[in-house]
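Subject: Structure handover

Hello,

Here is the structure for you to open. My notes on it follow below.

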Amino acid sequence: MNAFFGLIASPAGRVTRIIAGLALILIGLLAVGGIWGWILAIGGLVPLLAGLFDRCVFAPLFGLPFVGPSLRQALQGKEE
């Protein structure tokens with residue numbers, strides 16, 4: 001599980017979350033449409049904002065910090 005959160009907390013993980021969020025928003029608004037498109041677009045805000053503000057939404061479920069720098073520091077401590 002540390003490898004997953006290590007990826008999510010990395011710069012590559014942040015970029016991936018931003019791109020995934022933008023893709024979900026665009027797909028929801030342009031391809032799906034209707035109420036389901038809006039639901040998909042609103043759901044796309046979660047990874048987009050998490051990536052932009054360096055937060056990890058699922059980390060607290062596993063007893064890890066929510067904020068990116070704290071998460072990276074906690075993961076370094078567990079690797080040693």
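Burial first. The protein chain has 80 residues, and 29% of them count as buried. Keep in mind that this is a predicted model.

**Overall layout**

The protein chain holds four helices and zero strands. Read from the N terminus, its elements go α-α-α-α. Along the principal axes, the C-alpha atoms fill a box of roughly 50 × 20 × 20 Å. Take the contacts in the chain with a separation of 6 or more: 42% of them join residues 24 or more positions apart.

**H1 against H2**

Helix H1 covers residues 2–9 and helix H2 covers residues 11–32. They pack at an angle of about 70 degrees, and their axes are 4 Å apart. The range for roughly perpendicular is 65 to 115 degrees, so H1 is roughly perpendicular to H2. Which residues make the contact? From H1, they are Leu7, Ile8 and Ala9. From H2, they are Pro11, Gly13, Arg14 and Arg17. Sorted by class, the contact of H1 with H2 has four nonpolar, one polar and two charged residues.

**H2 itself**

H2 has 22 residues. From first C-alpha to last, H2 reaches 30 Å, close to the 32 Å expected at 1.5 Å a residue. The buried residues in H2 are Gly13, Arg17, Gly21, Ile25 and Gly28. Their cover includes H1 and helix H3 (34–52). Just after H2 comes Gly33, with a positive phi of about 70 degrees.

**Aromatic rings**

How many aromatic pairs does the structure hold? There are two. In one of them, the rings of Phe4 and Phe5 have their centres 5.2 Å apart. Their planes stand at 70 degrees, so this pair is edge-to-face; the cut-off for that label is over 60 degrees. Phe4, Phe5 and Phe62 form one aromatic cluster.

Is Phe5 buried or exposed? Phe5 has 0% relative accessibility, so Phe5 counts as buried. Phe4 has a relative accessible area of 43%, which means that Phe4 is partly exposed.

**Arg14 and Asp54**

This pair is worth a separate look. Arg14 sits in helix H2. Asp54 sits in the loop between H3 and helix H4 (68–79). In sequence, Arg14 and Asp54 are 40 residues apart. In space, they are 6.9 Å apart, C-alpha to C-alpha.

Arg14 has a relative accessible area of 26%, so Arg14 is partly exposed. Asp54 has a relative accessible area of 9%, so Asp54 is buried. The cut-off for buried is under 20%.

Now their contacts, leaving aside neighbours within four places in sequence. Arg14 is in contact with Ile8, Gly51, Leu52, Phe53 and Asp54. Asp54 is in contact with Arg14, Phe66, Val67, Gly68, Pro69 and Arg72.

**In short**

The protein chain has four helices. H1 is roughly perpendicular to H2. Phe4 and Phe5 make an edge-to-face pair.

Best wishes

Methods. Residues are numbered from 1 along each chain as its sequence is written. This is a predicted model: local features need pLDDT of at least 70, side-chain atom pairs count only at pLDDT 80 or more; totals for chains, interfaces and linings use all residues. Side-chain values use heavy atoms; hydrogens and water are left out. Axes are lines fitted to C-alpha atoms, for helices over the stretch in contact, and angles run from 0 to 180 degrees between N-to-C directions. Helices (H or I, at least four residues) and strands (E, at least two) are DSSP runs, numbered from the N terminus. Angles under 35 degrees count as roughly parallel, over 145 as roughly antiparallel, 65 to 115 as roughly perpendicular and the rest as oblique. Contact means heavy atoms within 4.5 Å. Ala, Val, Leu, Ile, Met, Phe, Trp, Tyr, Cys and Pro count as nonpolar, Asp, Glu, Lys and Arg as charged, and the others, Gly among them, as polar. The expected span of a helix is 1.5 Å times one less than its number of residues. Buried means under 20% relative accessible area, exposed over 50%, partly exposed in between (1.4 Å probe, protein chains only). Rings of Phe, Tyr and Trp (its six-membered ring) pair if their centres lie within 6.5 Å; planes under 30 degrees apart count as stacked, over 60 as edge-to-face and the rest as tilted.
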